[in-house]
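Let's take a walk through this one together. Have the chains up on your screen and follow along.

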Amino acid sequence: MSTLSLRTQIETRFPSAFSTYRRSDRATILTGISEVDALTGGIPMHSMTEVCGMGKTSVLISLLAHASHEHYCALVDAKDAFDPVAAEAAGADLSRLLWVRCGKTRQKLRPLEQAFKVTDMLLQSSGFGLIVVDLTDIAEKVVHNVPASSWFRFSRVVENLPAALVFIAQKPHATSCAGMVLRLSAEPATFSGKLLTNFNLNADVLRTREKKEVQSARPGFFIKAQWA
Amino acid sequence: MFACLLVPDFSVQASLFSEPRDAREILRRSPVTILDGPSNLPKVIALNDAARSVGIEVGMTKLQVETCGGVLLRKRSLDHEDAAQAALLECADAFSPRVESTCPGIVILDLAGTEKLFGSPETTACKIKVSARQIGLHVRIAIAANPDTAMYAARGFNGITVISPGDEARGLAPLDVGLLPATPELLEVLDGWGIQTFKSLAALPAIALTERLGQQGLELQKLAQGRTSRPLKPVEPTPDFVGEHEFDDPVETLESLAFVLNRVLQEICDRLIAQSFATNELRLTLDLEVRQIHDGKEGEQYKHNWKLPVPTQDRNMLFTLLRLDLERNTFSAPIKKLTIEAVPIKPRLAQGNLFAPPSPETEKLEITLARIRGVVGTLDAEGINCVGSPKTLDTHKPDAFAVQPFSSATENRNRPVLVPALALRVFRPALETSVELTGEAPHLVRLWRKHRRVLAASGPWCSSGNWWNETTAWAREEWDIALKTFEGIGYYRIYLDRIRKRWFVEGVFD
């Protein structure tokens, strides 16, 4: 059997067997923090992003504030740590935010399992432009034990959706399944007299699909407190 | 063609309607009067021909009637009249799908297209009369080309009257003008002109009549000529979207229940679709078989209502919602009866907005939310929803929020100026801690089972509220502090509950 006929037979049964995989066009959602946006170009759609380190919640709130005016957003809050007052003060449209508070009732599943199951459901129910999963307060070793197949599945599902999937955690766990890994770090905050005014942050892009090398936004940027 | 069924002396016939057939026929030939009005002075409001023949008239008092002797006096019953009217409508329904309940004792039905079923108008009228007599009502029937002509003919002529199209004026000619809906003053004017019948009114010149009596006079003339035309207002049958199933043997498994549930829902949805309705509220009742029934208690029931944000006719969606709820529940006894009621409303007619962001499909979203509730639960310990849209409350109390049902049909708000701000990760509930003070400021804070030195502190920021209510009053003294932790420096918010005199960690800045 010639190679050509073999190829034809295979393509008859599996049309995309020899086609080149093309990733979706790069659309992004801006975080609203100019330094982070300049560094990353925004949170990529059709992709899984991990945001970790200190300052991630401030980035999350800013991201929700921006995204909620253009997309319906979902926040899967594994430990119920989201502060709606801060989000509204930052300008988020809370009516477009679906907040899922895991671990608040006695259920068979643990908060991490609940969060992953809910994320699966949200991905299946298309229509959300941004899905954020906050795993920050889950013990690191527990998140570390999540099988790679779970991350891989999320990554493949979101590729075909007009949505950005963002995981917020203490450290990156999804390895190569993540389209982008953004690590934040904090320098000592500024206390102006008796007032905590600024949170001084640095951002490093540990991984993107296009550029593998680490990029940093140094010298850092700062986020002001609401009262400052 | 339109047929008018008129029950003469309706109140009398209605009062006899509940009597047995034989007694009713005897009473019909006896003088019967219906009284109504104040209990101390009831007056005759209706009577039959037999009562008229003994000299009784409308408006006579009870005492006057009693002097006649042998007259049956009955008090007016609106229930009986409603029942008689319903029976009359039911009788008319058998001959036409379009039936108007014009007024008590009168119904008009549209006979268009019924010739092949019931024959000529005369034959149809005879059949209707026989049918009405079988249910205990003696009716006059008139058939004409328009509803008003049929009604006046039925009012004016006994038995069956058929007026051919184009012959309305001649058919109504002998009727008395008193049958027309004119004011007493107008009737007096007509009487003064010597106008006694429909024929004489119809013969008047229209312009001159309008000049003297206005539009009302012209309308009356058109009625007398049988030239009016109005659409029929058919009675809409009250839709019933209730399905129930009683099990021969009470069921214990969800599979057995789901099988029947699906079938009942299918029937309801078919009915909704057939009548161009949808539903946005579903009520489920499960009767449980309770072996011991005490004190006349009828047994246990499980009831649940679902309110959907949009109307739907989708059986699969409704079935999934019900099934997801039933999966979450356990019942104390087997289920012996299942009842589902759908509240009908008009289906949603909405056009998508090209410029609105893509939103979750409402029907699909409801199922997703139900599934998510199945995973994370419905309400937390404080009774706040676990799934929904957060909503801040109109209070200065920190971390005060509500969670309302999420809907994908929200309007786009004006985009405010967005400024990134420092966010707090909230510990719910707040972690109780112990704090050592140096002067007023915290010096050592116990966190994660260790005392940690405070590197910097901002505060105290005092706030309080609800001081007028002892149970809900709150007062606190906040400090934003920097602590040395394993991972470096952590920034926390702690507060002193000034009412309970205890320290708490509210959250961490992140």
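Before we look at any sheet, here's what pairing means: two strands pair if DSSP finds at least two bridges between them. In general, strands of a sheet pair through backbone hydrogen bonds, in either a parallel or an antiparallel way. Keep in mind too that what you're looking at is a predicted model.

With that in hand, go to chain B, where three strands make an open sheet in the order 3-2-4, with mixed pairing. Strand 3 (43-47) and strand 4 (72-75) of chain B sit at the edges with a single partner strand each, so each has one side left without a neighbour in the sheet. Going from one strand to the next, the twist averages 40°. Zoom in on strand 2 (residues 32-36) of chain B and you'll find four bridges tying it to strand 3 of chain B in the antiparallel sense. To pick out one of those spots, look at B:Ile34, whose bridge partner in strand 3 of chain B is B:Ala46.

Now for some helices. Packed helices are described by the angle between their axes and the distance between the axes. In chain B, helix 13 (residues 254-274) and helix 14 (residues 315-328) have axes that come within 10 Å and cross at roughly 150°. Angles over 145 degrees count as roughly antiparallel, which is why helix 13 of chain B is called roughly antiparallel to helix 14 of chain B. The crossing of these two helices of chain B is right-handed. On the helix 13 side of chain B, the contact residues include B:Leu257, B:Leu261 and B:Leu265, while helix 14 of chain B brings in residues including B:Leu318, B:Phe319 and B:Leu322. Sorted by type, the residues of this helix 13–helix 14 contact in chain B come out as ten nonpolar, two polar and three charged.

Finally, how do the chains meet? The contact draws 61 residues from chain A and 48 residues from chain B. Several elements of chain A supply at least two residues each to the side that touches chain B, among them helix 4 (84-89), helix 5 (111-124) and strand 9 (195-208). Helix 3 of chain A gives the largest share of that side, seven residues.

To find the place, look for A:Trp99, which stands opposite B:Gly388 in strand 13 of chain B.

Terms used. Residues numbered from 1 in each chain as written. Chains lettered and ligands numbered in written order. Predicted model: local features only at pLDDT ≥ 70, side-chain atom pairs only at ≥ 80, totals over all residues. Contact = placed C-beta atoms within 7 Å. Axes fitted to C-alpha atoms, helices over the stretch in contact; angles between N-to-C directions. Parallel < 35°, antiparallel > 145°, perpendicular 65-115°, else oblique. Left-handed = near helix turned anticlockwise from the far one by under 90°. Nonpolar A, V, L, I, M, F, W, Y, C, P; charged D, E, K, R; others polar.
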